[in-house]
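The entries below follow the order in which I looked things up.

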Amino acid sequence: MELKLTWIVQVLVAFHAYPSLSFQHILPRDINQQPTRVLGGVTVIDTPLVRAAQAMARQYSEDYLFNHIMRTWLFGALVISHNITLQQTVDLEVHAIGSMLHDLGLVLNASWISHDRRFEVDSAFAATDFVEGQVAHECKSSAWDAHRLQLLFDSVLLSSEPKFSLYKETTVASVVSGVLIDLTTADDGVTSPEYDNVVAAFPKLNFLPGVNQTLVALCITKPNTTYG
């Protein structure tokens with residue numbers, strides 16, 4: 001199974017060699033004009049919803065998985081920061097939440113795990129349910145319309161499928177860019193010192209063995225929808 005996981009990484013790298021072909025779209029006015037903070041040397045968006053998503057990821061994820069999703073977010077944020085087009089077209093809040101919640105389907109004891117869906121599908125439903133619940137709890141008007149929820153769903157759903165996500169909106173493509181860098185090395189404008197700073201803040205620990213063990217468990221419990 002570990003050999004198969006290595007093969008998956010090689011396939012992802014092969015697709016990553018191609019430039020992004022994702023659709024462009026117009027962001028709602030001022031959608032990215034939000035407070036920021038610095039994590040691992042990277043300046044990222046800082047909203048209550050982003051904080052809540054990080055708290056959820058921390059609550060349910062083992063250390064190796066939590067560090068992976070944080071690196072995914074930070075690497076994606078670096079890619080965006082180095083690209084003017086992405087700065088103008090990526091929804092940073094959607095990107096942040098999608099990155100941090102893209103592996104919820106690997107939390108095997110969670111209530112959102114289905115008996116028959118791919119883990120990416122479980123993750124996508126869990127992520128959008130989380131946002132809808134947070135917005136409803138706020139009891140006030142929200143900028144989270146159907147389009148942003150769809151962006152989030154697609155970002156999570158396609159986070160392991162660059163052959164599809166790179167043809168989607170830049171927000172969707174940027175999530176998988178962060179995943180790919182974490183599985184390989186610095187790329188898409190991310191420098192070696194930037195990469196090292198992120199890894200120092202969120203070490204890789206036993207990421208590949210941990211994911212491999214989880215995928216083996218999914219192969220046993222959901223053999224018809226687990227691939228690797």
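I began with the length of helix H11, residues 207-221. Its 15 residues should span 21 Å at 1.5 Å a residue, and its end C-alpha atoms are 21 Å apart, so the two agree. The expected span is 1.5 Å times one less than the number of residues. Helices here are DSSP runs of H or I with at least four residues, strands are runs of E with at least two, and both are numbered from the N terminus.

I noted the ground rules next. This is a predicted model, where local features need pLDDT of at least 70 and side-chain atom pairs count only at pLDDT 80 or more, while totals for chains, interfaces and linings use all residues. Residues are numbered from 1 along each chain as its sequence is written, and side-chain values use heavy atoms, with hydrogens and water left out.

**Entry: more on H11**

I checked which residues of H11 are buried. They are Phe207, Gly210, Val211, Asn212, Thr214, Leu215 and Leu218. Buried means under 20% relative accessible area, exposed means over 50%, and partly exposed lies in between, with a 1.4 Å probe and protein chains only. An α-helix has 3.6 residues a turn, so residues three or four places apart point the same way.

Proline 209 also sits in H11. Proline 209 has a relative accessible area of 45%, so I logged it as partly exposed. I also looked up its distance to tyrosine 64: they are 145 residues apart in sequence and 9.5 Å apart in space, C-alpha to C-alpha.

**Entry: the whole chain**

I counted elements. The chain has 11 helices and 2 strands. From the N terminus they run α-β-β-α-α-α-α-α-α-α-α-α-α. Of the 228 residues, 52% count as buried. I then looked at contacts, meaning heavy atoms within 4.5 Å. Among contacts between residues at least 6 apart in sequence, 70% join residues at least 24 apart.

**Entry: the cores**

Which residues touch the most other members of the largest nonpolar core? I found Trp73, Ile97, Leu101, Val131 and Trp144, in a core of 51 residues. A nonpolar core is a set of buried Ala, Val, Leu, Ile, Met, Phe, Trp, Tyr and Cys residues joined through side-chain atoms within 4.5 Å. Several elements each supply at least two residues, including strand S2 (42-45), helix H2 (48-60) and helix H10 (192-201). H3 gives the most, with 10 residues. A second, separate core has 8 residues, among them Leu106, Phe207, Val211 and Leu215. In soluble globular proteins, nonpolar side chains tend to be buried together.

I listed the neighbours of tryptophan 73, not counting residues up to four places away in sequence. Tryptophan 73 touches Arg37, Leu39, Val44, Ile45, Val50, Gln54, His95, Ala96, Ser99 and Met100.

**Entry: H5 against H7**

The axes of helix H5 (residues 92-100) and helix H7 (residues 146-157) come within 9 Å and cross at roughly 35 degrees. Axes are lines fitted to C-alpha atoms, for helices over the stretch in contact, and angles run from 0 to 180 degrees between N-to-C directions. From H5 come Glu93, Val94, Ile97 and Gly98; from H7 come Arg148, Leu151, Leu152, Ser155 and Val156.

Arginine 148 has a relative accessible area of 2%, so it is buried. Setting aside neighbours within four places in sequence, arginine 148 contacts Ile31, Asp91, Glu93, Val94 and Ala143. Arginine 148 and aspartate 91 are 57 residues apart in sequence, but 8.5 Å apart in space, C-alpha to C-alpha.

Is serine 123 buried or exposed? Serine 123, in helix H6, counts as buried because its relative accessibility is 0%. Beyond its neighbours within four places in sequence, serine 123 contacts Leu101, His102, Asp103, Leu104, Gly105 and Val156.

H9 is mostly covered, with 13 of its 14 residues buried. H9 reaches 20 Å from first C-alpha to last, close to the 20 Å expected.

**Entry: positive phi in two loops**

Aspartate 188 lies in the loop between H9 and H10. Its phi is near 55 degrees, a positive value in a residue other than glycine. Aspartate 188 is partly exposed, at 34% relative accessible area.

Leucine 205 lies in the loop between H10 and H11. Its phi is near 50 degrees, also positive in a residue other than glycine. Leucine 205 counts as exposed because its relative accessibility is 54%.
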